Amino acid sequence: MADVFKGVEPMVYNSKISVPYSWWAGDTASKFFISLRDDQKIIAPRCGTCGKVFMPPRKICPACFTENTEWVDISNEGTVISYSVARRQLESIPVDKKTPVIWGLIKLDGADTALMHYLGEVKPEGVTIGMRVKAVFADSRTGTIRDISHFKPVK
Amino acid sequence: MDKAAIIGVGMTKIEANKQRETFADMAWEAVNKALADAGMTIDDIDNVITTSSDFWDGRTISCMAVADASGAADKNTSCVEGDGTFGAFYGYTRALSGSYKTTLVTGHSKGSQCVSSLITNSSFDPIYERGLGMDMITACAMQANAYMDRTGLKPEDMAMVSVKNHGNALKNPVAQLPMKISVDDVMKSEMIADPLRKLDCSPVSDGCCAVIIAHESVATKFKQQPVWIRGLSFCTDHFFFGDRDLARSKSLAEAAKNAYSMAGIKDPKKEIDVVELYDAFTYQELLWLEEMGLAEYGKAADLLKAGHFNMDGPLPVNPSGGLLAGHPVIAAGLYRIAEVVMQLRGDAGAHQVKKAKTGLAHGVNGLCGQSHCVWILDKER
Amino acid sequence: MAKRVAIVGTGQTFHKSHRPDVNGQELINEAVQRALVDANLKMKDISAILIGNMDHFEGINYVDCWSVDGSGGVMKPVIKLTTGGTTGASLAIGGYHMVASGMFEKVLIIGWEKNSESDTTGAITTAFDPIWDRQVFAGAISGLAAEAQGYMARFGACDRDAARVSVRDRKHATNNPHAQLRKEVTLEEVLASPMLADPIHLLDVCPRTDGACAVIMANEDVAGKICSVPDWIWATAARHSYTYLGDGDWGRLTSMEKCSKEIWKKTGIKEPRKEIDVIEMYQPYSFAGLIWIEDMGIVGHGEAPQYIWDGNTDMGGELPVNPSGGVIACNPIGATGLIRCAEAAMQVMGKADARQVPDVNFAVSTGFGGCMWTDMLLHGKKKPN
């Protein structure tokens, strides 16, 4: 392959798209984050038509296509639906996380859909689909999804 | 409804790093190959659809970079963002809309120029998910775990897909990764995200593909034998993984059902002769085949083991080597269409399969196969 | 056989500079729900969805996939079109062809943008070739200034002529409850506003906006059943030629000339100035209001300033332009071209309320973007032959 460049000096211009973003969470997500930050409580909206409880919270029920107005408290505990373990330090992984990083899809008791988050205090080999986990809140909370530090196995 | 056919295809070689070619250079090559294949000049083309992604190209309005090289200057043109099968779908509707007769469709990508982990991380919801740091590989690992848990399959079962597709690529001159490997080689390759090892994942690739779609009134006017579009459909599932059944793909089942129905196909297992599908990861070939009704759920691996999907088997799947042997994102689905066209025409050369009358091409948008596009192509009208 | 296609419903958000109360999906949903109400349809009636925006304004990859909770796209065909500023108009043209082909009976078309979420100019700058143009030419306004300078030099117009266009559009916007800027401005205020890129003043250009627009198109088999006066699409055209900035004919919009000639020819329009009743033009700055109606063939080259000073393009004039207030009053970029299409449709359907032009038989809507690109649609009250 090396001789592809024989007698050629290909010019490469290095750049990146560095546009700052500030995403408005909107009233629905804000309510959820404020509850996480201030009360360490997980709340979720419920569809008034079909009764489904959505995690992560959202304003519109995708099936009924109507606005969710009612909120319910849901449990800090749930079941792992599936999981993923990064062994390579992929570029997308936050700088404070070192491999192996484990993500889980967690269906909290009381919700009909599952939330994506970290699994912690467990080795990759110890993770199974169907295992029970519990939210561990971050000590310093700023109103983001990482106000939950991770989910740990329920002993 | 009127009918349309594909009357020309052009593919660049898929490579890890086309350092000497820009997006426009790649488009120029693929478009000219497609025109030559069809026996047309650019003046015979009356409209152009380019397919590109502003994220993958690192450029807002990414179509700007390739429009002129695709012959779109002074022609009616537009751009689809997403997999090439979707771009071709729009091109197909334009050929049938009464406004145009011949649509040139291109799709290009240079994975070598960007960091795919960051780009696919941008597909996650910015408010609830993105900061957790998942990307396409870790997401698909999550789907693979759900699939294995449901079906009882083992990583070794999925590894057979890698062995077959890299092996098929040995006979495909445009493939990036022709390799003679064993299940053991796959199982010993680097673990990237459990259960996906390096050889379970498609590579980072550069490439461009072009196809020409013609209305039936002009489909036989040019030198190339037309390959008829019998059925096509696309469908999108829920966005959040937690809303979907991640071990299944409901949207693919729906898209395939609708494409078969349009094509008048009653028993796809018997009526489809060759398949080119979007195997970005090994498990996907199995899951996609099952959701398209080409194997029972959880049973594709058994058929694979028995040689059913080999190049000389009853239903060859990815005789080109598929995405595992070269994955220029965005263009990848268009390559699938072009490969099926070559097979049905009998022009696939060393990787030609026997008795191919009806073929299926498949493309994917989004994470873990959220959105699928299915094409049924036929040698006969 | 190809099907004839009509717009049967439209919906828009109340466009604002910032919408902190909703995220992108929720913003989209507002427009979609209004379009469904307007057409008296339910989401289950919709056969397919086309959606578009400009990726780097929100930094969300695969927006078609991400937005399904808001767009209604779960278990439906959803496709994304993106062509820069022309995106909204390209979506309308896409919807037209998808329905005309016979593949879909009713499609929902969505254009949206939350320009408040990023640095608009920073994102636009990345449109240009990274090796050549990007390093020497920044954002959208420099190209527009080059066009304005070219036009003034070639045809002897001045910034006061352009300011008259701003005055017109801002006045029209007071009739449109969806517009972002609904306060009139005077010639003196425009000319005294800060100079951004000579000769363009702040009040000559569009604002940044959060907004969404949805349009429902249906084929001829059902359009008449859905609404009593559908807006029939007579023809569409698009020209997106360009590779490098130096390739432009600065001072003329050749893409507009080519699109309009194609549409007049396809539809047998001989005297557009007489036959067209209203124009909704994607006019991101005031000078375009002069230059582009010349390239459209409404008046001859150099004649636009007088034509506009005489009030011909004002409400009540011979050929009102931008009864909605246009882009100078409101610019959620990915939605903007589709808003023009929706506003033209409302004019034909007789639903434009306080901004209604009487007896509209033909309307034109356009999109502008990329590098001096044009998309164009001709709308009519009568079903095309």
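Begin by selecting chains B and C: their contact takes 51 residues from chain C and 49 residues from chain B, where two residues are in contact if their C-beta atoms, placed from the backbone, lie within 7 Å. This is a predicted model, in which local features need pLDDT of at least 70 and side-chain atom pairs count only at pLDDT 80 or more, while totals for chains, interfaces and linings use all residues. Residues are numbered from 1 along each chain as its sequence is written, and chains are lettered from A and ligands numbered from 1 in the order in which they are written.

**The side of chain C that touches chain B**

Colour the elements of chain C that supply at least two residues each to this side, among them α2 (55-58), α3 (63-66), β3 (78-80) and α6 (120-125). Helices (H or I, at least four residues) and strands (E, at least two) are DSSP runs, numbered from the N terminus. The largest share, six residues, comes from α5(C).

**The two domains of chain C**

Next, colour chain C by domain: domain 1 is 5-119 + 209-226, and domain 2 is 120-208 + 232-380. These bounds come from an automatic or database domain assignment. The C-alpha centres of the two domains lie 22 Å apart. Between them, 40 residues of domain 1 are in contact with 42 residues of domain 2. On the domain 1 side, the elements that give two or more residues are β1 (5-12), α2, α5, β4 (106-114) and β7 (210-219) of chain C. Here α5(C) gives the most, with eight residues.

**The largest nonpolar core**

Now select Ile6(B), Val211(B), Val215(C) and Met217(C), the residues with the most contacts inside the largest nonpolar core, which has 327 residues. Such a core is a set of buried Ala, Val, Leu, Ile, Met, Phe, Trp, Tyr and Cys residues joined through C-beta atoms within 7 Å. Helix α15 (residues 333-349) of chain C provides the largest share of this core, eleven residues. Domain 1 and domain 2 of chain C both give residues to the core, so it lies between them.

Keep Ile6(B) selected and show its surroundings. Leaving aside residues up to four places away in sequence, Ile6(B) touches several residues, including Val211(B), Pro226(B), Ile337(B) and Leu377(B).

**Helices of chain C**

Move to helix α11 (residues 254-267) of chain C. This helix has 14 residues and reaches 20 Å from its first C-alpha to its last, close to the 20 Å expected at 1.5 Å a residue; the expected span is 1.5 Å times one less than the number of residues. Its buried residues are Ser255(C), Met256(C), Lys258(C), Cys259(C), Ser260(C), Ile263(C) and Trp264(C). A residue is buried if 20 or more other C-beta atoms lie within 10 Å of its own, exposed if 12 or fewer, and partly exposed in between, with C-beta atoms placed from the backbone. What covers these buried residues includes β8 (231-239), α12 (272-275), α13 (286-295) and β11 (373-380) of chain C. Gly268(C), with a positive phi near 75°, follows α11(C).

Then display helix α8 (residues 159-173) of chain C together with α13(C): their axes come within 7 Å and cross at roughly 100°. That makes α8(C) roughly perpendicular to α13(C), a description that applies from 65 to 115 degrees. The axes are lines fitted to C-alpha atoms, for helices over the stretch in contact, and angles run from 0 to 180 degrees between N-to-C directions. Where the helices meet, select Asp161(C), Ala162(C), Ala163(C), Val165(C) and Ser166(C) in α8(C), with Ser286(C), Phe287(C), Gly289(C) and Leu290(C) in α13(C).

**Loops of chains A and B**

In chain B, select Asp46(B), in the loop between α1 (23-38) and β2 (47-51). Asp46(B) is partly exposed, with 18 other C-beta atoms within 10 Å. Its C-alpha atom is separated by 5.6 Å from that of Thr102(B), 56 residues apart along the chain.

Two further residues of chain B have positive phi although neither is a glycine: Ile61(B), at about 55°, and Lys355(B), at about 50°. Ile61(B) lies in the loop between α2 (54-57) and β3 (76-80) of chain B, and counts as buried with 30 C-beta neighbours inside 10 Å. Lys355(B) is in the loop between α12 (332-345) and β10 (358-365) of chain B, and counts as exposed with 8 such neighbours.

Finish with the cis peptide bonds from Thr99(A) to Pro100(A), with omega near -5°, and between Asp194(B) and Pro195(B), with omega about 5°.

Technical notes:
Parallel < 35°, antiparallel > 145°, perpendicular 65-115°, else oblique.
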